[in-house]
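Trainee: I've got a model open and I'd like to talk it through with you. Can we put it on the screen and go question by question?

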There are 2 protein chains.
Amino acid sequence: MMIMIVSMGPVEKFEMKVSRERMAENRDRILDVASRLFREKGFDAVSVSEVMKAAGLTHGGFYGHFGSKDDLVAETIGHVLSRSDGGGLDLRAYLADYLAPRHRDNPAAGCPTAGLAADIRHQTPAARAAMTAGLRSQIECVAKALPDIKAEDRRRAAIGSWAAMVGAVILARAIDDRALSDEVLEQTRAWIEATLDPASAK
Amino acid sequence: MMIMIVSMGPVEKFEMKVSRERMAENRDRILDVASRLFREKGFDAVSVSEVMKAAGLTHGGFYGHFGSKDDLVAETIGHVLSRSDGGGLDLRAYLADYLAPRHRDNPAAGCPTAGLAADIRHQTPAARAAMTAGLRSQIECVAKALPDIKAEDRRRAAIGSWAAMVGAVILARAIDDRALSDEVLEQTRAWIEATLDPASAK
DNA sequence: CTATAATCATGATCATCGTCATGATTGCTT
DNA sequence: AAGCAATCATGACGATGATCATGATTATAG
């Protein structure tokens, strides 16, 4: 019997034990790459070892950072949704960026809600709770960016607009026809903008 | 070592070979239960043997009906989306049914677009093509049900409304708080209805 | 009526994945 | 400076799932 070692690959760095801050760095990097991979492929389609590999580690050390994959999922959701830009944002510009082909074509770097909301339904209660908290703050964020209308109508418009934005990106990503997909984005953008006109605000 | 057979279960019917029409029945039943299971749990979370068991068969016979699981996915999408109610439907009533807790809580029997659109992104090109065809006809269906406005605005309103409807159901299903989830449905419904008012139609 | 072909059940195979056990290395504490 | 403890790599285990091989049974062609 002949054993051939075709290629062992270069033995990269061999630091076995890392400093305390490097461990925190690693944990953060795991959450970062996990959020990208999850947005890109969905929760189930990403394996633990794929996440660790993308973070520059091997699968074994994973359970030193997280109790389970479900735990990672829940923490990842909290991680991505925690960065809410609270400040006053220009809604028109945000709409244009959100409902754009560039956003549609880059789920990994795009809105976590558009990429993950539909998948949350099949995840653990902790994950759903994290997503709910994120959605709540997102709705309030959109409401703040709306033009001056009554508080009642403001919340309604925020929820309706947000639903349309998320729905349009999801539909655009599902459509296998660039022209139609572009149209869904553009028409939804124009439709939402029309409701922002002072003329249609009662 | 003691081997206990607690329950072998009754040997049900033992019909090995089925007639030609019963085979067509079986195939249809497979597509039906698959569409329900897929809507309920997502494509990846449903196994071939789970589908077959729900159809009253065992996993082995599956490949006599379909070439692969991906094939089943694509055919299932075409199967559910083929039943488009073309006739004139009452948009208000449809809105009320669609954006209702009952619909949100029954994905298995609900709108395939709301249940599967986000998942399509990770499926095979054939599946995406089937979904695109379905979405195209759905948009036209909504457009026909819209009140009398210019053709240009009609298409815009159809796409915007449809995106908002799908998005709202997806968000409502992701939210782990009944009050907020209900609010998303209800506010989106009211928001869409407001745009249907002749007053706001330009 | 006989032979062929089709349909489905049983069981096996191969790959993937989540998780755990072990061990090596090294940062930290005393 | 020395021992403790933590972090990660390697490897293995058990479960699950997609797919295929085989065989039994019977519808259907001739």
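Trainee: Leaving out residues up to four places away in sequence, which residues does B:A74 touch?

Mentor: Keep in mind that this is a predicted model. B:A74 has its place in helix 4 of chain B, residues 69–81. Once residues up to four places away in sequence are set aside, the ones B:A74 touches are B:T124, B:A126, B:A127 and B:A130.

Trainee: Is B:A74 buried or exposed?

Mentor: Count the other C-beta atoms within 10 Å of its own: there are 22. The cut-off for a buried residue is 20 or more. So B:A74 is buried.

Trainee: What distance separates the C-alpha atoms of B:A74 and B:L116?

Mentor: Along the chain, these two residues are 42 residues apart.

Trainee: Over in chain A, how are helix 1 and helix 7 oriented to each other?

Mentor: Helix 1 (residues 20–41) and helix 7 (residues 112–120) of chain A have axes 9 Å apart and pack at an angle of about 70°. A:S35, A:F38 and A:R39 of helix 1 meet A:P112, A:G115 and A:L116 of helix 7 there, and the crossing is left-handed. Angles from 65 to 115 degrees count as roughly perpendicular. Helix 1 and helix 7 of chain A are therefore roughly perpendicular.

Trainee: Which helix of chain A gives the most to the side that touches chain B?

Mentor: The contact takes 43 residues from chain A and 43 residues from chain B. On the chain A side, helix 7, helix 8 (125–145), helix 9 (151–174) and helix 10 (178–196) each supply at least two residues. The one that gives the most, with 14 residues, is helix 9 of chain A.

Trainee: How far apart are the end C-alpha atoms of helix 9 of chain B?

Mentor: That helix is mostly covered, with 19 of its 24 residues buried. At 1.5 Å a residue, those 24 residues (151–174) should span 34 Å. The model agrees with this, because the end C-alpha atoms of helix 9 of chain B are apart by 35 Å.

How values were computed
Residues are numbered from 1 along each chain as its sequence is written. Chains are lettered from A and ligands numbered from 1 in the order in which they are written. This is a predicted model: local features need pLDDT of at least 70, side-chain atom pairs count only at pLDDT 80 or more; totals for chains, interfaces and linings use all residues. Helices (H or I, at least four residues) and strands (E, at least two) are DSSP runs, numbered from the N terminus. The expected span of a helix is 1.5 Å times one less than its number of residues. A residue is buried if 20 or more other C-beta atoms lie within 10 Å of its own, exposed if 12 or fewer, and partly exposed in between; C-beta atoms are placed from the backbone. Axes are lines fitted to C-alpha atoms, for helices over the stretch in contact, and angles run from 0 to 180 degrees between N-to-C directions. Angles under 35 degrees count as roughly parallel, over 145 as roughly antiparallel, 65 to 115 as roughly perpendicular and the rest as oblique. A crossing is left-handed if the near helix is turned anticlockwise from the far one by less than a right angle, and right-handed if clockwise. Two residues are in contact if their C-beta atoms, placed from the backbone, lie within 7 Å.
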